[in-house]
Amino acid sequence: MAPTDEGGSPIAPGSRVDIPLSVRVLFSHAAIQQVAEQKGVDILHIKGPAIDPRLQPTPRGSTDADVIVRPQHVDRFIRALKAAGWAHRASFASGSVFEHAATLWHDHWGYVDVHRRFPGISIRSSAAFDRLWRERGEVVLAEQRCAVPSVTAQALLLILHTARSAAQPDQAPDLRLTWFDASEDFRASVMRLRDEFGAQLAFAAALGHLEDYRDHPEYALWQHMRAGGSRTAQLRARLQAAPSSLAAARIMVRSALINRDHLAMRLGRRPTQREVLAEQVARARQLFRDTRRRRRS
């Protein structure tokens with residue numbers, strides 16, 4: 001039988017068919033799961049359609065597929081995705097201040113964020129993944145069986161993710177069922193997992209108790225995540241949170257250079273040298289203005 005559109009009319013060969021983003025994301029999850037299985041890679045699907053309906057009864061629109069990968073398998077998985085037609089859009093280093101995820105794009109399936117760790121969890125990434133994997137569950141996405149964290153772990157990850165937004169705790173939708181409306185027993189299980197992961201700081205930031213950790217080296221960084229600020233303020237916060245002088249030096253060097261991956265996503269193509277230079281000059285001017293404003297204040 002020939003394929004038809006929603007009105008029942010036949011679709012001509014070669015015609016463009018617009019697929020709803022929510023459907024694309026589902027198939028993206030299924031596609032990357034197949035790649036993982038073919039290469040023996042352990043992945044856990046998070047966020048979006050992978051969230052347990054008890055934590056998010058009405059799924060909110062997701063623009064990409066998100067997975068956490070066993071750290072030892074990350075390089076193999078990204079090579080396999082590239083071989084299957086996915087292309088890099090942002091590396092771990094350029095993806096965020098936490099350098100936790102790489103973004104890839106597929107012309108059919110859209111974006112996927114490959115996490116090698118989750119911001120807010122302070123224990124070793126391999127130990128955190130082992131803990132998540134040990135109590136994993138399963139969900140079917142686009143007819144593909146996909147491993148997911150336990151409901152308790154999903155709740156914790158949603159709370160930690162909220163810590164990176166500016167939403168007030170009572171206005172953050174992910175906090176209602178994961179925390180405020182949850183039973184005492186469930187909240188206790190989430191807190192036990194929080195402590196196992198060393199995630200107290202980000203957890204406090206999400207729930208509005210960041211000031212309890214004012215003396216913590218990462219306090220300024222999470223405060224910036226919540227309240228925003230200038231690029232200079234972000235840089236100071238990152239340097240304060242750096243675990244070593246070598247890490248701090250690396251941050252300084254990278255902060256002085258234009259993020260070509262972000263610029264390419266903004267332009268929709270790879271930037272020219274002239275465009276990179278223009279961005280570099282604009283950044284230097286902004287840094288000068290921020291520094292002068294800070295000195296005046």
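**Entry 1: the model**

I am working from a predicted model.

**Entry 2: the cavity**

Rolling a probe the size of a water molecule over the atoms shows where empty space is left. I found one cavity of 30 Å³ or more. About 100 Å³ of space lies in the largest cavity.

Next I listed the lining. H45, I46, K47, A50, I51, F118, P149, Q154, L157, L158 and H161 line the largest cavity. Two elements each give two or more residues to this lining: strand 1 (43–46) and helix 5 (151–162). Which element supplies the largest share? Helix 5 does, with four residues. I then sorted the lining by class and got seven nonpolar, three polar and one charged residues.

**Entry 3: positive phi**

I turned to the backbone. Most residues other than glycine have a negative phi. K47 has a positive phi, near 65°, and is not a glycine. I place K47 in the loop between strand 1 and strand 2 (64–69). K47 is also one of the residues lining the largest cavity.

A142 is another non-glycine with a positive phi, about 50°. I find A142 in the loop between strand 6 (137–141) and strand 7 (144–148). Is A142 buried, partly exposed or exposed? A142 counts as partly exposed because its relative accessibility is 28%.

**Entry 4: salt bridges**

Side chains of opposite charge can pair when their charged atoms come close. I searched the whole structure and found eleven salt bridges. I noted several of them.

- R131 pairs with E135, N to O at 3.2 Å. R131 counts as buried because its relative accessibility is 15%, under the 20% limit. E135 is partly exposed, at 41%.
- R145 pairs with E138, and their closest N and O atoms are 2.7 Å apart. R145 is exposed, with a relative accessible area of 55%. E138 counts as exposed too, at 53%.
- D195 pairs with R194, N to O at 2.9 Å. D195 is partly exposed, at 40%. R194 counts as buried because its relative accessibility is 16%.

**Entry 5: a network**

Which residues are linked in a network of salt bridges? I traced D42, R70 and D130.

**Entry 6: recap**

I keep three points. Helix 5 gives the largest share of the cavity lining. K47 has a positive phi and belongs to that lining. The R145–E138 salt bridge joins an exposed arginine to an exposed glutamate.

Technical notes. Residues numbered from 1 in each chain as written. Predicted model: local features only at pLDDT ≥ 70, side-chain atom pairs only at ≥ 80, totals over all residues. Heavy atoms only, no water. 1 Å grid on protein atoms, 1.4 Å probe; cavity = no way out; pocket = protein on both sides within 12 Å on 5 of 7 lines; lining within 4 Å. Points joined across faces, edges and corners; volume = space filled by probe spheres on them. Nonpolar A, V, L, I, M, F, W, Y, C, P; charged D, E, K, R; others polar. Buried < 20%, exposed > 50% of the residue type's maximum accessible area, 1.4 Å probe, protein only. Salt bridge = Lys/Arg side-chain N within 4 Å of Asp/Glu carboxyl O.
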